[in-house]
Amino acid sequence: MIRRCRRAAFNAPLALAAIAAAACAGIPEPPAAPPEPEPPQLEPLRFFERWPDPPAPQPLAPHLRWEPSSLSEGTFAIITVLPDGRGLPIFEAAARADDRPIPLYRMPGGSFFGLVAAPLNAEKLSVDLSFRLFDGTLLSRTLSLHVSPRRFTVTQLRVATRFTQPDPTSLERIQLEQALVRATLRKMSTTPLWHGAFLRPLEGAVTSPYGQRRMFNDELRSRHTGLDIGGDTGDLVRASNAGRIVISRDLYFNGNAVFIDHGLGLFTGYFHLSAREVAEGQWVEKGQIVGRVGATGRVTGPHLHWGLYLQGASLDPSALLEPDFTRLSLDLPPQPATLLLKD
Ligand SMILES: [Zn+2]
């Protein structure tokens, strides 16, 4: 309405304009809109100008960490390679221990870890590490770890003479089986196949510890390269963790035996079973039944022999239940399901 009044005042002759002006004078003007506030003056450039450019990442040597801090024979070390926060990321990393290749696995944050065996009678571990950074810089470092000796008990055992004096046919069989097991345990996948913490495969007391010095029938000296857990024939034996069954067969000394590949050179073994419930090539989940307690092979009675193997060395399976390794296992990202289906 106001606009129409103003248009009339502009176009009409003076007389009419006076009337229009008089008519318009009676209509109150609406209150003027308050002035819009001034937009805030943002000066992002000035803010950033005060900060210097961050320094370009330098080819800095990665940090090395090992756990446990004091290592003892028959266990293993976890070696972790961490990129320097101010430096370039690590493109690739490789390791060797006593000339054995050690697979290193890349974690989501760009760090790497690998497991290094400290076999029975080892006094030190020498680990050669090499790295390539993202700019191509090559770096290397040797890690020397002291291995503490352990005290082991001694025991006398009586077994059938075929286990202390095998006939030529059995000797041939034994050699073939040992070659098969050695070759199997040397194959190392570069990815962990296990999920979370390891578990004991059978409830029950330890009846014979790892590393025990043994004398069979007063004539054969041997070392106990696993952990014996007491149980009754038929008790269920479970996979300590996820992995792939690489051996499931009747072996001369081990009896009905199952070996699981957990990746990164780590294997577990389950011996003297009365029955095997898995086949070679099969994938198993943690806790899955792999067999039943028995007394097959070189034994004095029913029990489970639980073994741990890393880079071909027989280690103490208790090391799998240590807090450092449990923490690492819980931090591992879940493996894609496709990996488990691939063969
Ligand atoms: Zn045993």
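Reader: How much of the protein counts as buried?

Author: Of its 343 residues, 29% count as buried, where buried means that 20 or more other C-beta atoms lie within 10 Å of the residue's own, exposed means 12 or fewer, and partly exposed is in between, with C-beta atoms placed from the backbone. Please keep in mind that this is a predicted model, in which local features need pLDDT of at least 70 and side-chain atom pairs count only at pLDDT 80 or more, while totals for chains, interfaces and linings use all residues. Residues are numbered from 1 along each chain as its sequence is written.

Reader: OK, and how many helices and strands are there?

Author: The protein has six helices and 23 strands; these are DSSP runs numbered from the N terminus, with helices being H or I of at least four residues and strands being E of at least two.

Reader: Which residues have the most contacts inside the largest nonpolar core?

Author: They are Phe-76, Val-116, Leu-125, Val-258, Tyr-270 and Leu-310, in a core of 58 residues. A nonpolar core here is a set of buried Ala, Val, Leu, Ile, Met, Phe, Trp, Tyr and Cys residues joined through C-beta atoms within 7 Å. Strand β7 (residues 112-118) gives the largest share of this core, six residues.

Reader: Where does that core lie relative to domain 2 and domain 3?

Author: The core lies between them, because domain 2 (63-148) and domain 3 (154-341) both give residues to it; the domain bounds come from an automatic or database domain assignment.

Reader: And what is Phe-76 in contact with?

Author: Leaving aside neighbours within four places in sequence, Phe-76 is in contact with Leu-115, Val-116, Ala-117, Ala-118, Leu-310, Leu-315 and Ala-319, where contact means that the C-beta atoms of two residues, placed from the backbone, lie within 7 Å.

Reader: Switching to sheets, what is the strand order in the open sheet of four strands?

Author: The order is β1-β3-β7-β6, with antiparallel pairing, and two strands pair if DSSP finds at least two bridges between them. β1 (63-67) and β6 (105-106) stand at the edges with a single partner strand each, so one side of each is left without a neighbour in the sheet. Five bridges join β1 to β3 (residues 75-82), and within that pair Arg-65 stands opposite Thr-80.

Reader: What about strand β22, is it enclosed or exposed?

Author: Strand β22 (residues 303-310) is largely enclosed by the rest of the structure, because eight of its eight residues are buried. His-303, His-305, Gly-307 and Tyr-309 point one way, whereas Leu-304, Trp-306, Leu-308 and Leu-310 point the other way.

Reader: Which strands pair with β22?

Author: Among them is β14 (residues 227-230), which is antiparallel to β22 over four bridges, with Gly-230 as the bridge partner of His-303. Strand β18 (residues 266-273) is joined to β22 by six bridges, also antiparallel, and Phe-267 stands opposite Tyr-309 there. Strand β23 (residues 313-315) pairs with β22 in the antiparallel sense over three bridges, and Tyr-309 stands opposite Ser-314 in β23.

Reader: Last topic: what kind of peptide bond runs from Glu-67 to Pro-68?

Author: That bond is cis, with omega near -5°, and Pro-68 sits in the loop between β1 and β2 (71-72).

Reader: And what is the phi of Asp-99?

Author: Asp-99 has a positive phi of about 70° although it is not a glycine, and its place is in the loop between β4 (90-97) and β5 (100-102). Asp-99 is exposed, with 7 other C-beta atoms within 10 Å.
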